[in-house]
Amino acid sequence: MSVLVDKNTKLCVSGITGREGTFHAMNNRRYGTDVVAGVTPGKGGQDVEGVPVFNTFRSAVEETGANTAMVFVPPPFAADSILEAADAGIGTIIAITEGIPAHDELRVFNHLKQAHPGTRLIGPNCPGVLSPGKANVGIIPASFFKEGNVGVVSRSGTLTYQIGNELAQRGFGNSSIVGIGGDPVPGSSFIDIIALFQEDPETELIVMSGEIGGSAEEEAAEFIAEHVTKPVVGYIAGVTAPPGKTMGHAGAIVSGSSGGAAAKIEALESKGVRVGRTPTQVADIAVEILQD
Amino acid sequence: MDLLEYQGKQLFARHGVPVPSGEPATTVDEAVAAAERIGFPCVVKAQVLIGGRGKAGGIKIAKDAAEARQHAEAILGMDIRGHTVHEVWMEEASDIAEEYYASIVFDRSAKAPLVLLSKEGGMDIEEVAERDPGAIARLHVDPLLGFQAFHGRRLAYEANLPADVIRPVGALLQKLYEAFVAEEAMLVEVNPLVKLTDGSVKALDAKVTLDGNALYRHKENEALRNVGAEDPQERMARERDLTYVKLDGDIGILGNGAGLVMSTLDVVAHYGGKPANFLDAGGGSKAEAITSAVEVILANPNVKAVLFNIFGGITRCDEVANGLVEAFNQIKPSVPFVVRLDGTNDKEGRRILQEAALPNVHAATTMDEAAQKVVELAR
């Protein structure tokens, strides 16, 4: 088992005819992901290295049975593409695009919640989802990860690679790695993904990698205390970040007295979640728990 | 992106939020001429992106042209908590009867705009919230529905505002919400929102933060960027499309990916070092971007050592290595570098660095080792 993407994933890539879209769609296919379609308005009928391109998500779903979308189009078009995928009945939408305006994200989130409650959006501004040995949707460099029992959920891409690699060096693999993205309005929260890992029989331990900004980590701490029986190891990046500065991710900002790293670490630890102070410590703690 | 008070007021005015009239000025003569057009008494207000202007002497009332000159001379060029005043806003004086507070924040947790209104204005709202949370009326607005007239009335009544301002404040909040949505703000704050002695209401201050990701469709707002107030290295980085935040330490940091860079700062601090900057070279950085980034980092004279922490995904370590070699060819840095390359094409990257035999460049294999090494070298 794993979460979100696996051997049943039938992927449709929005923006497949773009340079980055083609590169990563083909990368995902080489990994074994079933890439069944692409969508680029005006390029319907063409193909990208054998993958048929459609003008609309609706026709792509009808013709190929696509059940998962990867959104790779530039920010001005990304919200529209996510809404189109949901409208076509796609169940899992993974949005890689960085730089989508926050008010667009707000409209998308609330519309999906009201009109498409069964649709799950991962991202935007995320590296995607990798279920080692099964499927890779997004830009996660799969070669650093192997199959295993650690579920990882993170707001950051490269930090996830760092932690995953440290686990791999200690001999541990992953059930799934889920990047929820660094934007102010992620489609899925830590809670959503931790709930999936809790239900996933293959996942024995959950690593959650958070960062400054917002209160998703504090909310996750409450959820973990009440609903999660599996061990969770935490990490929070941005302890040294000054208030009022956006640290690369649009969502990574300490505003006034809210969103600071210390409060997040305290919230998690007060609910019994062990928090590593460095990525290396996170891996050490995870290994210690798994070997117990 | 944060706006100056007067830029925020001009933005409000475009959406019908009532504000006092005024003019910006960058020189003393301009300020005096503006004051004469506005009439006396006239308020001289320092325009800086930091609070506490009044206490610092950055807001003064002038009763005639001589006083306007005197105040403008004192305020222009003044330092307010590290921010130099390059501009003043000359504004008509307001006869204030009462001071309230209003704001709209982008509530990430609720995934909806949150409107706040309080009868207690003119002071720090976080203090009010702590002392008397009941004094602040709160309302989440469904972004798909938008702000309705009854929302304004409900807030005004719940904030216990006097009967005569219920409607005007409600109307002002509706226009403020229009501005928040139309300009794609992350925050609009009016503190104080005043009732004048003639019974009208106005936004006497304006704090506006716009979404940087939405500026591409608001060219008029992009032009409001306060270049003069920007740190020189931060401006240099922005012009080169690099994500850079200046910090007050002495260890220059470059990494790829915001989370990894934040984590690198923390790990350096964990081992006793002080980062001089945050620099995310981004995913898929090419050699030229790396060379450019080194220039930005070294433009900060405080930097005594530099740490490269790369975990290549889309970013290729050979590109990073080539960029560093090119940077050494061009600028011959005088400070030591510690370089940790892991991930995509890491072996090739390390080979390039070894063959180039750059002076004072130290390789490290793990993030922790790299951090410890650079902290030692910066001592």
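In what order do the four strands of the open sheet in chain B lie? The order is β1-β6-β2-β3, with antiparallel pairing. This is a predicted model, in which local features need pLDDT of at least 70, side-chain atom pairs count only at pLDDT 80 or more, and totals for chains, interfaces and linings use all residues. Residues are numbered from 1 along each chain as its sequence is written, while chains are lettered from A and ligands numbered from 1 in the order in which they are written.

**Confidence**
- The complex receives an ipTM of 0.92 and a pTM of 0.93 from the predictor.
- For chain B the average pLDDT (the predictor's confidence in each residue, from 0 to 100) is 93, and 99% of the residues score at least 70.
- Within chain B, the lowest confidence falls in helix α4 (residues 125-131), with a mean of 87, and the highest in strand β11 (residues 201-203), at 98.
- Helices (H or I, at least four residues) and strands (E, at least two) are DSSP runs, numbered from the N terminus.

- Four antiparallel bridges join β1(B) to strand β6 (residues 88-92) of chain B.
- Trp89(B) in β6(B) has Pro24(B) opposite.

**Helices across the sheet**
- Helix α2 (residues 28-38) of chain B lies across β1, β2 (42-46), β3 and β6 of chain B, at about 175° to β1(B).
- Helix α3 (residues 65-75) of chain B lies across β2, β3 and β6 of chain B, at about 5° to β2(B).
- Angles run from 0 to 180 degrees between N-to-C directions, with axes fitted to C-alpha atoms, for helices over the stretch in contact; contact requires C-beta atoms, placed from the backbone, within 7 Å.

Notes:
Two strands pair if DSSP finds at least two bridges between them. Two residues are in contact if their C-beta atoms, placed from the backbone, lie within 7 Å.
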